[in-house]
Amino acid sequence: MVKLRLKRCGRKQRAVYRIVAIDVRSRREGRDLRNVGFYDPIKNQSYLNVPAILYFLEKGAQPTGTVRDIFKKAEVFK
């Protein structure tokens, strides 16, 4: 099963996150299938590759709770 979840990047005390499609059994820093977005919680900015996100959602990928909230805020589901 594939999930859309956050992958931590950046330095200490200055985290930024990639939104990735990744296998459920992989760890957080594991090998991802595809990078579909970027989220910076400090600047509250996000970049989303909407066609790639919709492709994975159509194939049955499940977003985590935090990623779902980011998608709702960016109005991906409309």
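Visitor: How many salt bridges does the structure hold?
Guide: This predicted model holds 3 salt bridges.

Visitor: What makes the contact between Asp 32 and Lys 7 a salt bridge?
Guide: The closest N and O atoms of Asp 32 and Lys 7 are 3.2 Å apart. The criterion requires a side-chain nitrogen of Lys or Arg within 4 Å of a carboxyl oxygen of Asp or Glu, so the pair qualifies. Asp 32 lies in the loop between β2 (14-23) and β3, and Lys 7 in strand β1 (residues 2-11), so the pair ties together parts that are 25 residues apart in sequence.

Visitor: Why is Lys 7 called buried?
Guide: Buried means under 20% relative accessible area, and Lys 7 has 11%. Asp 32, at 24%, counts as partly exposed.

Visitor: Which parts does the salt bridge of Arg 14 and Asp 40 tie together?
Guide: The side chains of Arg 14 and Asp 40 meet at 3.3 Å, N to O. Arg 14 lies in strand β2 and Asp 40 in strand β3, so parts 26 residues apart in sequence are tied together. Asp 40 is buried, with a relative accessible area of 4%, whereas Arg 14 is partly exposed at 23%.

Visitor: Why is Arg 25 called exposed?
Guide: Its relative accessible area is 75%, and exposed means over 50%. Arg 25 forms a salt bridge with Asp 23, the closest N and O atoms being 3.1 Å apart.

Visitor: How do you know that β3 and β4 pair?
Guide: Pairing requires at least two bridges; 4 bridges join β3 (residues 34-40) to β4 (residues 45-48), and the strands run antiparallel. Tyr 39 stands opposite Ser 46 in β4.

Terms used. Residues are numbered from 1 along each chain as its sequence is written. This is a predicted model: local features need pLDDT of at least 70, side-chain atom pairs count only at pLDDT 80 or more; totals for chains, interfaces and linings use all residues. Side-chain values use heavy atoms; hydrogens and water are left out. Helices (H or I, at least four residues) and strands (E, at least two) are DSSP runs, numbered from the N terminus. Buried means under 20% relative accessible area, exposed over 50%, partly exposed in between (1.4 Å probe, protein chains only).
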